[in-house]
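Subject: Structure handover

Hello,

Here is the structure you will be taking over. My notes on what was found follow below it.

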Amino acid sequence: MNDLIDTLRRLVGPAHVLTDGDLTAWEQDWRKRSRGKALAVVRPASTAEVAAVVKACAAAGTSIVPQGGNTGLAVGSIPDDSGTQIVLSLARMSAVRAIDEANLTLTVEAGCVLQTLQETAEKAGFLFPLSLAAEGSCTIGGNLGTNAGGTQVLRYGNTRELCLGLEVVTPQGEVWDGLSGLRKDNTGYDLRDLFIGSEGTLGVITAATLKLYPQPAATLTAWAAVPSLAQAVALLGLAQRQLGAGLTGFEVMGQFALSLVGKHFSQLRVPFLGQADAPYCVLLENSDSESEQHARERFEALLESAFEAGHVIDAVVAENLTQAHQLWHVRESIPLAQAEEGLNIKHDISIPVSRIPAFCAETDALLAREIPGVRLVNFGHLGDGNLHYNVQAPASGDARTFLREQEDRVNTLVYDQVRAFNGSISAEHGIGSLKLDKLPAYKSPVALQLMRAIKQALDPQNLMNPGRVVQAP
Ligand SMILES: O=C(O)CC[C@@H](O)C(=O)O
Ligand SMILES: [Zn+2]
């Protein structure tokens with residue numbers, strides 16, 4: 001092992017091979033639920049260095065956990081507790097390599113922080129639409145590795161849809177330069193899409209060519225109180241018909257989720273908080289290619305028809321950007337408020353949009369019956385059929401004990417319902433190690449067999465993020 005550490009020090013410089021001191025930032029997951037122990041944290045500065053590190057680890061039979069901003073929610077980017085794995089941090093590889101304005105593409109290295117990437121696009125007069133609460137610290141490599149979703153998916157798609165090409169270091173330490181900015185390329189299997197969402201189990205993404213979009217002329221945000229989830233779904237349909245591609249955000253939030261924001265972040269103003277006839281609120285975003293006035297007129301027309309149809313019982317439209325940011329901030333504070341409230345169980349699920357009201361009605365009742373006192377923190381990206389159907393321990397009693405005794409049962413109740421409604425047990429957060437043992441019960445055996453065969457073909461030594469996504473054959 002000491003030989004490997006010496007080699008790594010030679011390859012990336014001694015200052016970038018961390019073996020002692022406080023390694024919490026690399027060894028602990030974002031929710032602070034899991035902690036591993038790394039043999040070393042290695043921080044290469046170039047693709048050539050990543051390739052050399054991977055080759056050295058392969059020769060030593062040492063496994064590698066690629067890591068970006070370490071903000072994931074599925075425990076996929078920290079080492080296990082064996083003390084034998086290398087954490088390969090891409091943080092130092094953050095350069096913007098090129099912008100091609102005519103081709104509408106941007107090529108960046110994996111460690112580029114998402115917000116920096118958005119700002120780079122903006123400075124060049126474009127929009128890079130991937131947007132999520134962790135954007136100040138997550139990196140594009142991690143976004144690609146997990147095929148992250150976020151709040152603009154209903155208009156622009158997941159990270160996968162925003163990526164045209166990749167550069168990848170294979171488990172053998174070869175470099176695949178697939179950084180094409182082509183929108184059409186039918187020359188065989190789509191390797192790019194294989195690596196996206198593979199959570200570092202097939203290789204290390206070192207750079208990507210991403211799509212840019214024109215900036216909208218105006219973006220408006222509204223917050224509506226809705227009488228039921230069924231009416232929220234009806235509002236979504238109406239908004240899609242009236243705004244077309246202008247509808248760039250459609251988030252739903254249950255009153256209990258909002259009450260946690262009110263409780264833990266009392267400086268934030270939460271519209272329609274606790275309004276008894278509105279069990280849910282919806283945040284809508286309208287991006288307009290003409291003007292602010294045009295956007296406002298269309299938004300007002302939409303809300304008027306929505307009131308008439310009974311989809312909405314109250315609504316506010318942000319007057320300016322500051323107010324719009326405040327509304328988004330309330331929405332994005334829900335996970336933090338949940339963490340403040342205490343230990344919880346997350347379910348990042350997707351269901352066909354049409355079936356979400358029935359799913360929630362049935363599953364809410366099932367949980368209330370089976371696990372009395374349980375508190376549902378239900379919110380998410382309704383426009384994508386993606387709910388964060390989270391469960392907070394009962395207010396009374398010890399949350400840690402509750403989780404120890406009930407977490408598996410809660411998961412089984414919820415995921416069995418997800419299966420019955422043709423849904424997915426991971427919509428946008430990935431599998432990591434958190435859901436590794438769940439996947440076989442909820443994914444087709446044929447699909448799992450194909451996934452294992454791919455893993456075996458690309459990484460026969462099982463050195464790339466082992467124990468994540470699929471168990472090696
Ligand atoms: O904490 C969660 O459950 C969801 C986090 C994130 O995906 C969000 O949509 O805010
Ligand atoms: Zn989300």
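**Pro357 and its contacts**

Once its neighbours within four places in sequence are set aside, Pro357 is in contact with Leu229, Ala230 and Val233. Please bear in mind that this is a predicted model. Pro357 sits in helix α13, which covers residues 356–370.

**Domains**

The protein chain is split into four stretches: domain 1 (2–89), domain 2 (96–214), domain 3 (218–335) and domain 4 (342–420). Taken over C-alpha atoms, the centres of domain 2 and domain 4 are separated by 32 Å. Both of these domains come up again with the pocket below, as each gives at least three residues to the lining of the second largest pocket.

**The second largest pocket**

The volume of this pocket is about 670 Å³. Its lining is made up of 32 residues, and those that lie nearest its centre are Gly197, Ile431, Lys443, Met451 and Val469. Which helices each supply at least two residues of the lining? They are α7 (191–195), α14 (399–420), α15 (439–442) and α16 (445–458). Sorted by class, the lining of the second largest pocket comprises 14 nonpolar, eleven polar and seven charged residues.

**The cavity**

How many cavities of 30 Å³ or more does a search of the whole structure find? The search finds one. The largest cavity holds about 50 Å³ of space. Around the largest cavity, the lining consists of Leu73, Ala74, Lys346, Asp348, His429, Leu434 and Lys435. By class, that lining has three nonpolar residues, one polar residue and three charged residues.

**Lys211**

Lys211 belongs to strand β10, which runs over residues 204–211. With neighbours within four places in sequence left aside, Lys211 is in contact with Leu104, Leu127, Phe128, Pro129, Glu161, Leu162, Leu164 and Arg183. Two of these partners can be described further. For Glu161, the side chain of Lys211 reaches the backbone oxygen at 2.8 Å.

**Aromatic pairs**

There are five aromatic pairs in the structure. One of them is formed by Tyr156 and Tyr213, with ring centres 4.9 Å apart and an angle of 65° between the planes, an edge-to-face arrangement. This pair links distant parts of the chain: Tyr156 is in helix α6 (residues 153–156), Tyr213 is in strand β11 (residues 213–214), and the two are 57 residues apart.

That is everything for the handover.

Regards

Terms used
Residues numbered from 1 in each chain as written. Chains lettered and ligands numbered in written order. Predicted model: local features only at pLDDT ≥ 70, side-chain atom pairs only at ≥ 80, totals over all residues. Heavy atoms only, no water. Helix = DSSP H or I, 4+ residues; strand = E, 2+ residues; numbered from the N terminus. Contact = heavy atoms within 4.5 Å. Polar contact = N/O pair within 3.5 Å; in protein donor to acceptor, adjacent residues only side chain to side chain. 1 Å grid on protein atoms, 1.4 Å probe; cavity = no way out; pocket = protein on both sides within 12 Å on 5 of 7 lines; lining within 4 Å. Points joined across faces, edges and corners; volume = space filled by probe spheres on them. Nonpolar A, V, L, I, M, F, W, Y, C, P; charged D, E, K, R; others polar. Domains from an automatic or database assignment. Phe/Tyr/Trp six-rings, centres within 6.5 Å; stacked < 30°, edge-to-face > 60°.
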